[in-house]
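Please look over the sequence and the model shown here, and then follow the explanation below from one region to the next.

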Amino acid sequence: MAIVIADAGPLIALAKIKHLQLLPALFGKVVITQAVADECMRSQSADALLIEQALISEWLKCVDNPDFKLPLSRSLGLGEQSSIEYALQTNGNAMLILDDALARKQALRKQLPIVGTAGLLFAAQRKALISDPETLVAELRQKGYRISDDVIAQLKKG
């Protein structure tokens, strides 16, 4: 199954808390479309450099934006649109990593499996890659990421 990061948010979030390495530890190889890569590389921040290193090390693979065959909401960014389209073109053999609420609704409507950044942190705990996902969620919140208490409560239940 292809693991597709559908917007820059999860990549940048994990880079900001210095846990980008959770992605290859959980999934091996991970895919981003060119549109998502462009979003991530807009700035010359430390986060962008970590993502660039992931691309160089090849556990993070950049693929061309797919040709669009199905209409998606125009409110979605190009990264989200290209990633959902890419996942659809794998014939259901992809899981999307995305946090944006509208993009999540669109992906679920298309019956694509999704997981968010917080979900990844709790999955990493279940695989003993980290000990305390709630501390990392708190760190993300301090850096401006919105993760609801309801989402955390659901993830804690397993």
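On a 1 Å grid over the protein atoms alone, a pocket is an open set of points where a 1.4 Å probe fits, with protein on both sides within 12 Å along at least five of seven lines, and lining residues have an atom within 4 Å of a point. The largest pocket holds about 580 Å³ of space, and of the 21 residues that line this pocket, D99, D100, R104, R146 and I147 are the closest to its centre. Helix 1, helix 6 (101–109), helix 7 and helix 9 each give two or more residues to the lining. This is a predicted model, in which local features need pLDDT of at least 70 and side-chain atom pairs count only at pLDDT 80 or more, while totals for chains, interfaces and linings use all residues. Residues are numbered from 1 along each chain as its sequence is written, and side-chain values use heavy atoms, with hydrogens and water left out.

Helix 8 (residues 133–142) has P133, L136, V137 and L140 as its buried residues, where buried means under 20% relative accessible area with a 1.4 Å probe, protein chains only. These residues lie on the same side of helix 8, because they cover an arc of only 105° around the axis. They pack against helix 1 (8–16), helix 7 (117–126) and helix 9 (149–157). Just after helix 8, G144 takes a positive phi of about 100°.

In helix 5 (residues 78–88) is Q81, which counts as buried because its relative accessibility is 19%. A polar atom of the Q81 side chain lies 2.8 Å from the backbone oxygen of L76.

Key: Buried < 20%, exposed > 50% of the residue type's maximum accessible area, 1.4 Å probe, protein only. Helix = DSSP H or I, 4+ residues; strand = E, 2+ residues; numbered from the N terminus. Arc of directions from axis to C-beta. Contact = heavy atoms within 4.5 Å. Polar contact = N/O pair within 3.5 Å; in protein donor to acceptor, adjacent residues only side chain to side chain. Points joined across faces, edges and corners; volume = space filled by probe spheres on them.
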